Amino acid sequence: MNLEIAQLRLPLSAFALEVDARLGARITGVFGASGSGKTSLLEVIAGLRRPAAGRIVLDDAVLSDATRGAFLAAERRQIGYVPQDDALFPHLNVRQNLCYSHLADKKGHRPEITYEHVVHVLDIAGLSERRVASLSGGERQRVAFGRAVLASPRLLLLDEPLAGLDAELKQRVIPYLLTMRDEFGIPMLYVSHNADEIVALCDDVLLLERGRCVRRGTCAELFAVSDAPHYVLKPT
Amino acid sequence: MSIDSWQVAWFTAWVAAAGTLLILAPGVALGWLLARKEWRGKILVETVVALPLVMPPVATGLILLKLFGRRGVLGRWFESVLGVDIVFTWRAVMIATAVMSFPLLVRTARLALEGVNPRYEQVARTLGAGPWRVFWTITLPMAARGLVAGTVLAFARALGEFGATIMVAGFIPGRTATLSLSIYHLVQLNRDNQAWGLLAISVTLAFGALWLSEVLLRRKPAP
């Protein structure tokens, strides 16, 4: 995966998101405090918001190019998105949620990513007929991951997917994300303000502050053990 | 002049249903545009749509009479192109009830659609669903209770329509006589007993429709 974000600019209420980066890691972390523009960056990449300037290219596909007025609609980008609140469709059961993308469009679906394989990897096979309102927090997140993976995305955007879970549950869900990465080979952009999650999952990290990428590096370069096993950002 | 109470009740119910059906698609579409999109002239459209709620119904009826009369812009078109008269027919009753119910339907549709978190629609789009598919599979089912309640409310409003209807359709027994027009007519003739009978039917229909609307709005979705 090669994601090129060139001279991207999106005005927000308090500042402008301005990012210029080329990403290629299996899981890239986007780290920053709340309100630093992390979610806006994911929304722009997913095609849910239109940038004022700049260019985004995923592998050979131009997703948006403000100078040429090009903007590929979200439904044609093949970019999965799991928001913080999981957004499972409450009127559909688990199986219907998982199969939503298959009903929408079968084009571009990778044959090796099957329903059976995904529910097995995420350990959600027994939930298929359940209503989403009856699921626990960890189950909801795993169903949300499975739903996104079943669309065979070329890139998966995860927006603080563990923020609503307690520490113990997070530790149980993180291995599923690593297994997803290894089993399906889908590159991910993982947004979080939690250093421990970033270190546990990511190969490469962008640090966002007020919409700007102020630092970039590996987890070892950016984070240090504080009160083991917790990590903090190293001072510049 | 004798009035067949059940014929009047039946006519009122079906013409109110037809009027509601007539505005259902445009009402939901306009509610969606108001709930989800920002566009120039939005406030003007909102104001114009709400006008029948606050204008005297007879004034709305007069406008309809001028528009759909034989010399009116729309009346001439209907007569020359489709070969049908509008005013003083059941069609005029249907149009009057539709126009008077339209603001209620649009407002409830807008509220119901605004109640659907756009995040669900955004996620559906990232799963490959285009705008129409998102609307039919996510927005509409999630707003369904509110939309059905709004439709029932619009139907209830149509059942009781009087002012605009009397202007554009008049009171013609067997042709344009609705429950409210007939009650007024019977009271004018001091035939209160028969008016009470129609009143009972009218209250029953309106109560049933409003009760259904309330039940739909309050009911929690299944877990």
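Which residues of helix 9 (residues 179–188) of chain B are buried? They are Leu179(B), Ser180(B), Leu181(B), Ser182(B), Ile183(B) and Leu186(B), where buried stands for 20 or more other C-beta atoms within 10 Å of a residue's own, exposed for 12 or fewer and partly exposed for anything in between, with C-beta atoms placed from the backbone. Helices here are DSSP runs of H or I with at least four residues, strands are runs of E with at least two, and both are numbered from the N terminus. This is a predicted model, in which local features need pLDDT of at least 70 and side-chain atom pairs count only at pLDDT 80 or more, while totals for chains, interfaces and linings use all residues. Residues are numbered from 1 along each chain as its sequence is written, with chains lettered from A and ligands numbered from 1 in the order in which they are written.

Back to helix 9 of chain B: the cover over its buried residues includes helix 1, helix 7, helix 8 (163–169) and helix 10 of chain B. Just after helix 9 comes Asn190(B), with a positive phi of about 60°, a value found here in a residue other than glycine. Asn190(B) sits in the loop between helix 9 and helix 10 of chain B, and it counts as exposed, having 8 C-beta neighbours inside 10 Å.

Taken as a whole, chain B comes to ten helices and zero strands. Its C-alpha atoms fill a box of roughly 65 × 45 × 30 Å along the principal axes, and 43% of its 223 residues are buried. A contact is scored when the C-beta atoms of two residues, placed from the backbone, lie within 7 Å. Of the contacts in chain B with a separation of 6 or more, 76% are between residues 24 or more positions apart.

One helix pair in chain B can be looked at in detail. Helix 1 (residues 5–36) and helix 10 (residues 192–218) of chain B pack at an angle of about 30°, their axes 10 Å apart; the axes are lines fitted to C-alpha atoms over the stretch in contact, and angles run from 0 to 180 degrees between N-to-C directions. The crossing of these two helices of chain B is right-handed, that is, the near helix is turned clockwise from the far one by less than a right angle, anticlockwise being left-handed. On the helix 1 side of chain B the contact uses Ser5(B), Val8(B), Ala9(B) and Ala13(B), and on the helix 10 side Gln194(B), Gly197(B), Leu198(B), Ile201(B) and Leu205(B). By class, these residues are six nonpolar, three polar and no charged; Ala, Val, Leu, Ile, Met, Phe, Trp, Tyr, Cys and Pro count as nonpolar, Asp, Glu, Lys and Arg as charged, and the others, Gly among them, as polar.

Further along helix 1 of chain B lies Gly27(B). Gly27(B) is buried, with 27 C-beta neighbours inside 10 Å, and it touches Phe102(B), Leu105(B), Val106(B) and Ala109(B), not counting residues up to four places away in sequence. Its C-alpha atom is 9.4 Å from that of Thr108(B), 81 residues away along the chain.

Chain A has eight helices and 13 strands. Its radius of gyration, taken over C-alpha atoms, is 17 Å, close to the 18 Å that the globule rule (2.2 Å times the number of residues to the power 0.38) gives for 236 residues, so chain A is as compact as a globular protein of that length. Buried residues make up 44% of chain A. In the loop between strand 7 (79–82) and helix 2 of chain A, Asp86(A) has a positive phi near 60° and is buried, with 22 other C-beta atoms within 10 Å.

Where the chains meet, the contact takes 18 residues from chain B and 22 residues from chain A. Helix 6 (118–126) and helix 7 (131–159) of chain B each supply at least two residues of the chain B side, and helix 6 gives the most, with seven residues. That side has eleven nonpolar, four polar and three charged residues.

The largest nonpolar core has 128 residues, and those with the most contacts inside it include Leu157(A), Leu189(A) and Leu64(B). Such a core is a set of buried Ala, Val, Leu, Ile, Met, Phe, Trp, Tyr and Cys residues joined through C-beta atoms within 7 Å.
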